[in-house]
Amino acid sequence: MAAEAKTWTSTSDPELACPISPVVDIVFSRWTTPILWALHTYGRQRFVELERRITKITPKVLTQRLRQLERDGLIVRTYHPEVPPRVEYEISDLGRSLAPLFAHLAEWASDNLEKVDQARHAYDAEPS
């Protein structure tokens with residue numbers, strides 16, 4: 001254990017110092033989680049359906065995040081050459097493999113967000 005801690009702290013590369021930071025960068029960027037959640041929960045969807053479900057995201061940002069998620073292998077984009085063309089997005093097997101992580105986080109949130117809120121109120125009530 002001490003050797004592991006030393007390895008983590010002895011490097012100047014933040015990704016090596018914290019091996020989960022690349023995962024956090026990929027999965028927990030601003031709009032990634034709601035997009036993956038919507039695709040996991042509701043299945044294959046068109047762009048406009050995602051836009052309606054994630055109401056505060058702009059079309060430009062949704063497009064950027066979908067491209068990045070496709071590039072990362074977390075979603076699959078299917079183009080149907082029809083008139084008019086139709087594009088659908090669905091979560092990939094790799095994206096689906098994140099479901100247990102999200103389930104654990106949802107459980108943690110249910111068990112602990114009230115405690116976080118209480119800690120914030122206590123902190124804010126203290127004189128500076």
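A residue is called buried here when its relative accessible area is under 20%. Keep that cut-off in mind for helix H4. One caution as well: this is a predicted model.

Let me begin with H4 itself, which spans residues 32-42. Which residues of H4 are buried? By that cut-off they are Thr32, Ile35, Leu36, Ala38 and Leu39. Around the helix axis they cover an arc of only 160°, so they lie on the same side of H4. After the helix comes glycine 43, and its phi is positive, near 80°.

Now to the partner helix. Two packed helices are described by the angle between their axes and the distance between the axes. H4 packs with helix H6, residues 59-71, at an angle of about 75°, and the axes are 10 Å apart. Angles of 65 to 115 degrees count as roughly perpendicular, so that is the term for H4 relative to H6.

Which residues make the contact? On the H4 side they are Thr32, Ile35 and Leu36, and H6 supplies Leu62, Arg65, Leu66 and Leu69. Sorted by type, the residues of this contact are five nonpolar, one polar and one charged.

Last, the strands. E2, residues 75-80, pairs with E3, residues 86-91, in the antiparallel sense, over six bridges. The link from E2 to E3 is a hairpin of five residues. Within the pairing, arginine 77 stands opposite tyrosine 89 of E3.

Notes
Residues are numbered from 1 along each chain as its sequence is written. This is a predicted model: local features need pLDDT of at least 70, side-chain atom pairs count only at pLDDT 80 or more; totals for chains, interfaces and linings use all residues. Side-chain values use heavy atoms; hydrogens and water are left out. Axes are lines fitted to C-alpha atoms, for helices over the stretch in contact, and angles run from 0 to 180 degrees between N-to-C directions. Helices (H or I, at least four residues) and strands (E, at least two) are DSSP runs, numbered from the N terminus. Angles under 35 degrees count as roughly parallel, over 145 as roughly antiparallel, 65 to 115 as roughly perpendicular and the rest as oblique. Contact means heavy atoms within 4.5 Å. Ala, Val, Leu, Ile, Met, Phe, Trp, Tyr, Cys and Pro count as nonpolar, Asp, Glu, Lys and Arg as charged, and the others, Gly among them, as polar. Buried means under 20% relative accessible area, exposed over 50%, partly exposed in between (1.4 Å probe, protein chains only). The arc is that of the directions from the helix axis to the C-beta atoms. Two strands pair if DSSP finds at least two bridges between them.
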